[in-house]
Amino acid sequence: MNERVNVKALFDLTGQVALVTGGSNLGYDAAEALAELGAIVAVTRRRQAEADETAARLAAETGAEVIGVELEVTDEADWKRAVAEVVDRYGKIDILINNAGGRKVSVVPETLEEDPSFEFLETRLLEDWKYTMDANLTSVFLGCRTVAPYMKRARSGKIINMASIDGIVGRDLRIYPGSGLSPTVPDYLASKAGVINLTKGIGVSLAPFGIYVNAISPGGFYRKQPEQFVENYTRLVPLGRMGRDRIDLKGSVAYLASAASDYTVGHNLVIDGGLTSW
Ligand SMILES: NC(=O)c1ccc[n+]([C@@H]2O[C@H](COP(=O)([O-])OP(=O)(O)OC[C@H]3O[C@@H](n4cnc5c(N)ncnc54)[C@H](O)[C@@H]3O)[C@@H](O)[C@H]2O)c1
């Protein structure tokens with residue numbers, strides 16, 4: 001029989017050092033969850049001034065120790081510099097959250113509004129496709145491989161990769177006509193599917209070193225999208241609403257970043273109000 005461990009102690013991150021990429025919106029929420037559980041947090045933005053601003057806000061709101069670090073997540077040399085910066089200062093990285101991601105849409109087809117089956121397939125510029133793959137998928141690969149040697153040495157670590165329900169299912173294109181928004185681009189779906197299986201692959205290879213790699217797949221979060229879009233989208237969600245910033249992501253981050261998930265590897269935790277469950 002094992003000794004009893006209090007569940008609150010399992011979630012405690014006191015003394016742990018975390019690196020969270022792309023600290024706006026969901027990245028900020030993830031960093032906030034870690035800070036509230038006691039971690040020291042290094043939060044990255046593309047520019048140092050933005051990173052410093054985000055860090056100052058998070059430190060003021062949580063009372064935690066937070067630093068801002070500049071990082072372009074598609075650049076391996078920049079990863080090495082940013083990770084070294086954190087390790088030089090704190091001696092380790094216990095938690096990495098590969099959150100930053102994005103897409104580029106240089107050409108929006110004029111027919112998009114009338115043709116709901118149009119998912120940018122024929123007009124997609126190859127350079128835009130490559131941009132998305134780099135920002136969403138190559139970035140995760142680079143992040144994992146830059147921190148892995150440090151975590152291996154420590155024989156412990158938690159890595160969370162931000163995927164999406166767009167990596168699990170295609171979009172229901174019927175919600176778009178008249179909604180004020182257009183469907184996402186195919187490279188976004190492909191890159192997020194890549195993140196989910198990359199997480200499994202890296203997860204099994206790093207598990208023997210005590211390093212846990214898992215993914216989170218959020219559904220749509222409410223960001224003042226057009227009313228008609230919100231109505232159409234929420235009809236697809238069993239819970240009947242979109243995700244809430246500052247609330248709905250945080251529990252999943254707390255779980256996968258802490259000892260609470262110490263028997264969970266390669267998992268993709270879906271936070272979508274049930275959208276992909278029917
Ligand atoms: N918002 C949603 O509803 C939703 C749903 C599913 C998944 N996601 C995923 O969650 C993550 C965060 O989403 P969000 O809504 O907070 O997005 P966001 O666009 O608000 O934030 C993304 C952050 O990543 C940064 N970033 C992008 N490319 C970068 C690069 N090359 N180098 C450095 N930084 C870069 C941006 O500057 C920004 O700070 C993303 O990976 C996104 O794909 C979001």
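In this predicted model, helix α5 and helix α6 (residues 186-206) are roughly parallel to each other, because their axes cross at roughly 15° and angles under 35 degrees count as roughly parallel. The two axes come within 8 Å. The crossing of α5 past α6 is right-handed.

Which residues of α5 and α6 make the contact? From α5 come D128, W129, T132, M133, N136, L137, V140, F141, C144, A148 and K152. From α6 come P186, D187, Y188, A190, S191, K192, G194, V195, L198, I202 and L206. By class, the residues of this contact divide into 14 nonpolar, 4 polar and 4 charged.

Helix α5 (residues 126-154) also packs against helix α4 (residues 76-90). Here the angle is about 40°, and the axes are 10 Å apart. α4 and α5 are therefore oblique to each other. Their crossing is right-handed. On the α4 side, the contact uses E76, W79, K80, V83, A84 and V87. On the α5 side, S139, L142, G143, R145, T146, V147 and Y150 take part. The residues of the α4 contact with α5 divide into 7 nonpolar, 3 polar and 3 charged.

A further pair is formed by helix α2 (residues 25-36) and helix α3 (residues 48-62), whose axes come within 10 Å. They cross at roughly 40°, which makes α2 oblique to α3. The crossing of α2 and α3 is right-handed. Y28, A31, E32, A35 and E36 of α2 meet T54, R57, L58, E61 and T62 of α3. This contact divides into 4 nonpolar, 2 polar and 4 charged residues.

| Residue | Protein atom | Ligand atom | Distance |
|---|---|---|---|
| L26 | polar backbone atom | oxygen | 2.9 Å |
| R46 | polar side-chain atom | nitrogen | 3.2 Å |
| N99 | backbone N or O atom | oxygen | 2.8 Å |

L26 and N99 each place a backbone atom by a ligand oxygen.

Conventions. Residues are numbered from 1 along each chain as its sequence is written. This is a predicted model: local features need pLDDT of at least 70, side-chain atom pairs count only at pLDDT 80 or more; totals for chains, interfaces and linings use all residues. Side-chain values use heavy atoms; hydrogens and water are left out. Axes are lines fitted to C-alpha atoms, for helices over the stretch in contact, and angles run from 0 to 180 degrees between N-to-C directions. Helices (H or I, at least four residues) and strands (E, at least two) are DSSP runs, numbered from the N terminus. Angles under 35 degrees count as roughly parallel, over 145 as roughly antiparallel, 65 to 115 as roughly perpendicular and the rest as oblique. A crossing is left-handed if the near helix is turned anticlockwise from the far one by less than a right angle, and right-handed if clockwise. Contact means heavy atoms within 4.5 Å. Ala, Val, Leu, Ile, Met, Phe, Trp, Tyr, Cys and Pro count as nonpolar, Asp, Glu, Lys and Arg as charged, and the others, Gly among them, as polar. A polar contact is a pair of N or O atoms within 3.5 Å; within protein, one must be able to donate a hydrogen and the other to accept it, and residues adjacent in sequence count only if both atoms are side-chain atoms.
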